[in-house]
There are 4 protein chains.
Amino acid sequence: MNEIADLEQARVILAAQPFSALLGARLTAFGEGEAVLEVDIREELLQQYGFVHGGVLGYAADNALTFAAGTVAGAGLITAGFTIDYLRPARGEVLRARARVVRAGRTRVVARCDLSTVEGGGAPALCAVAQGTIAVRQAA
Amino acid sequence: MNEIADLEQARVILAAQPFSALLGARLTAFGEGEAVLEVDIREELLQQYGFVHGGVLGYAADNALTFAAGTVAGAGLITAGFTIDYLRPARGEVLRARARVVRAGRTRVVARCDLSTVEGGGAPALCAVAQGTIAVRQAA
Amino acid sequence: MNEIADLEQARVILAAQPFSALLGARLTAFGEGEAVLEVDIREELLQQYGFVHGGVLGYAADNALTFAAGTVAGAGLITAGFTIDYLRPARGEVLRARARVVRAGRTRVVARCDLSTVEGGGAPALCAVAQGTIAVRQAA
Amino acid sequence: MNEIADLEQARVILAAQPFSALLGARLTAFGEGEAVLEVDIREELLQQYGFVHGGVLGYAADNALTFAAGTVAGAGLITAGFTIDYLRPARGEVLRARARVVRAGRTRVVARCDLSTVEGGGAPALCAVAQGTIAVRQAA
């Protein structure tokens, strides 16, 4: 990613990721160190017990962390890695990944992400937490 | 998962995961503490630069780690969490995740995973490494 | 640890850890899902550049995470593992690790930790963040 | 660290870390992507149950990972972060952390570490595994 100006531009980048299109991801917030990515939960995203597959949660964490970094780092960003801990089976209508930058360094951005599921008008249920590092590619 | 006897039974479980079907994942090895999961790389699995999306690598790591645990733990398994470090952009024809159990405890199994891409008849190119924990549900 | 009633009892447990005594750690808060552990920074705790050694930060994260879990889980606790990301060189008078439980399950507690240094009356400088899992040993 | 030529030079750097001196750490191997760090287990390094404190294992993983990176990266190195999973209580005479570089990139080195305890002439008992990233500071 390069110098993402605002939510509209971030959405253009997300739309350019075929895998995000396959999963049906959307960005609902982007700015000031934070990004929120949502995925409507559907049959295709589940595992054998009927819960959202851990791989979907991992995708959402990875992408939300990197977009959050994109709100503060202007140069090219590459996700360096992340850790995710699953808290409870994920079920509901929408999976929401809210990531926030913890520290924006010159070469690395560290961020955290809360993953929740939302069902009807109920309160979000936290289903996983993640922490990751995004590398900032230096301009030549 | 419950008491996976062999590769054939593991494949039945994988086939019961709609998200694995969506990604086109297959198991090519299963037994003695090790599992190998492969995904054919296609346009739908990429990010905006033409490389395999990190979320696909995360999925493959998560699932390979859990299947590796399934070779040694008989009770119900739940992936508790994992860490992934990306090493280089992933491109090629096939993504291969090879996971191996490091330690099988009574309540937790710890495993590591190497993720590589394969292109033609060339040597696999290591593109990410992961380490994770799978919780063993105790029988009542 | 077993059923820690309050800060006073938590301090007794900390005092029973020879390594915590060697480092000079103290607990300054304990309760309601949160624990704060502090270490006075002294020459013996540094690395070759004059900053606090990463191993000291790792120790503080590990112990603060486990004590935070001790505020919500009554049975025997064992730290299963944790991830730490260093944000900036740690220097100052006091290292403070503040851990908070994210989710207290029946068999696992997940917590996060912010590590800061404090210098004089200044604001704490965040120097590392961690996320970890504490296993709850089931009573027989 | 800067351009570590060999084991002797690596030992000079380790000796310059007051915290490593406090713990009594020594390097027993250094070169070709691998470093081995050992600590004699003594009362001062234990937790309340008589096992080696997790913080000591974290220290050994952190330092071994960074020294392993020092065998392949010439510029200034900074540990960016690591993940550790504890496998079993650590007890014995010597704690040994063997780290190996997985991938040496231009700006980041990723390495893994196996932590074992050794008792008498017995086989090492694996007690923890770690994976970490070391940032390579670019020359100006």
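**Exercise 1.** Determine how chain B is related to chain A.

*Solution.* Within chain B, the C-alpha of B:T83 is nearest the axis, 2.1 Å from it. Both copies use the same surface: 100% of the contact residues of chain B recur in chain A, contact meaning heavy atoms within 4.5 Å.

This is a predicted model, in which local features need pLDDT of at least 70 and side-chain atom pairs count only at pLDDT 80 or more, while totals for chains, interfaces and linings use all residues. Residues are numbered from 1 along each chain as its sequence is written, chains are lettered from A in the order in which they are written, and side-chain values use heavy atoms, without hydrogens and water.

**Exercise 2.** Identify the residues through which α3(A) meets α3(B).

*Solution.* From α3(A), the residues are A:G54, A:G55, A:Y59 and A:D62; from α3(B), they are B:G54, B:G55, B:Y59 and B:D62. These contact residues divide into 2 nonpolar, 4 polar and 2 charged, with Tyr counted as nonpolar, Asp as charged and Gly as polar.

**Exercise 3.** State where A:F51 lies and which residues A:F51 touches.

*Solution.* A:F51 belongs to the loop between β2 (34–40) and α3 (54–70) of chain A. Leaving aside residues up to four places away in sequence, A:F51 touches A:L45, A:L46, A:P89, A:A90 and A:R91. The C-alpha atoms of A:F51 and A:A90 are 5.4 Å apart, although 39 residues separate the two along the chain.

Technical notes:
Helices (H or I, at least four residues) and strands (E, at least two) are DSSP runs, numbered from the N terminus. Copies are superposed by least squares on the C-alpha atoms of residues with pLDDT of at least 70 in both.
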